[in-house]
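Dear colleague,

Please find the structure below, handed over for your use.

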Amino acid sequence: MSSPRETFLRLVNGVCDGPYEDLADLYAEQTHVTHPFHPLNPPALLSRSELHEHFTASPPVARTLDRKPVDVMIHETADPEVIVAEFAYQGRVIETGEAFTVPCVFVMRIRDGLIIESRDYIDHVSSSRAWGQLDSLLAALCPQESTTIEGAAQRER
């Protein structure tokens, strides 16, 4: 059985290196995963099968990210099941060479080596930029306006 620290490290390294098909196995059959800072407020992921779909879905844009977790700090709490992990995904977009850093904080409850609850605080703007999806995010947030980066720059002039 993995410790909470080991389970977290398997997760973030697996997000970077795969295999993505195995990531859902780090979660309990019934779980509760939220992204509280996601600007589009997606619903919680509540099962291992939903997480499997989440991890194995194709990205909306054909981009390849070469990334790794950096600056990892894992804080243990008074509750032995709960950890707070600070880190960033850092890397480059293979197709463009663009560097990126996506800061994250995960608050996780891990029981018997399985994640039963996680609140994943991710910089979704930086993540959207790395994936080439910033214009899509802006369009979803402001559907009535011209929301491309270029359009926003023109409005500021």
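Cys16 counts as buried, at 9% relative accessibility; here buried means under 20% relative accessible area, exposed over 50% and partly exposed in between, with a 1.4 Å probe and protein chains only. Please note that this is a predicted model, in which local features need pLDDT of at least 70 and side-chain atom pairs count only at pLDDT 80 or more, while totals for chains, interfaces and linings use all residues. Residues are numbered from 1 along each chain as its sequence is written, and side-chain values use heavy atoms, with hydrogens and water left out.

A disulfide is a covalent bond between the sulfur atoms of two cysteines. With a disulfide taken as a pair of cysteine sulfur atoms within 2.5 Å, the structure holds zero disulfides. Cys16 is accordingly in no disulfide, and the nearest cysteine sulfur, that of Cys104, is 9.4 Å away. Cys142 counts as partly exposed, at 32% relative accessibility.

**Aromatic pairs**

A pair of aromatic rings is described by the distance of the centres and the angle of the planes. Rings of Phe, Tyr and Trp (its six-membered ring) are paired if their centres lie within 6.5 Å; planes under 30 degrees apart count as stacked, over 60 as edge-to-face and the rest as tilted. By this rule there are six aromatic pairs.

One of them joins Phe8 and Phe87, whose ring centres are 5.4 Å apart and whose planes stand at 65°, so this pair is edge-to-face. Phe8 lies in helix α1 and Phe87 in strand β4 (residues 82-93), so the pair links distant parts of the chain, 79 residues apart; helices (H or I, at least four residues) and strands (E, at least two) are DSSP runs, numbered from the N terminus. Phe8 is buried at 0% relative accessibility, and Phe87 is buried at 4%.

Phe87 also pairs with Phe106: their ring centres are 5.0 Å apart and their planes at 90°, so this pair too is edge-to-face. Since Phe87 belongs to strand β4 and Phe106 to strand β5, the pair ties together parts that are 19 residues apart in sequence. Phe106 is buried, with a relative accessible area of 4%. Phe8, Phe87, Tyr89 and Phe106 form one aromatic cluster.

**Salt bridges**

A salt bridge is taken as a side-chain nitrogen of Lys or Arg within 4 Å of a carboxyl oxygen of Asp or Glu. The search of the whole structure finds eight salt bridges.

In one of these, Glu76 is joined to Arg5, with the closest N and O atoms 3.7 Å apart. Glu76 counts as exposed at 60% relative accessibility, whereas Arg5 is partly exposed, with a relative accessible area of 36%.

Glu29 forms a salt bridge with Arg48, at 3.3 Å between the closest N and O atoms. Here strand β1 (residues 27-34) supplies Glu29 and helix α2 (residues 48-56) supplies Arg48, so the pair ties together parts that are 19 residues apart in sequence. Glu29 is partly exposed, with a relative accessible area of 42%, and Arg48 is partly exposed as well, at 23%.

Arg109 forms a salt bridge with Glu117, the closest N and O atoms being 3.9 Å apart. Arg109 is partly exposed at 22%, and Glu117 is partly exposed at 28%. Through salt bridges that share partners, Asp79, Glu81, Arg109, Arg111, Glu117 and Arg119 are joined into one network.

**The largest pocket**

For the pocket search, a 1 Å grid was set over the protein atoms alone; a pocket is an open set of points where a 1.4 Å probe fits, with protein on both sides within 12 Å along at least five of seven lines, and lining residues have an atom within 4 Å of a point. The largest pocket has a volume of about 1,200 Å³, a volume being the space filled by probe spheres set on the points.

The largest pocket is lined by 38 residues, and the closest to its centre are His54, Arg67, His124, Ser127 and Trp131. Among the elements that give two or more residues to the lining are α1, β1, β5 (99-111) and α3 (124-130). The most comes from α2, with five residues.

Yours sincerely
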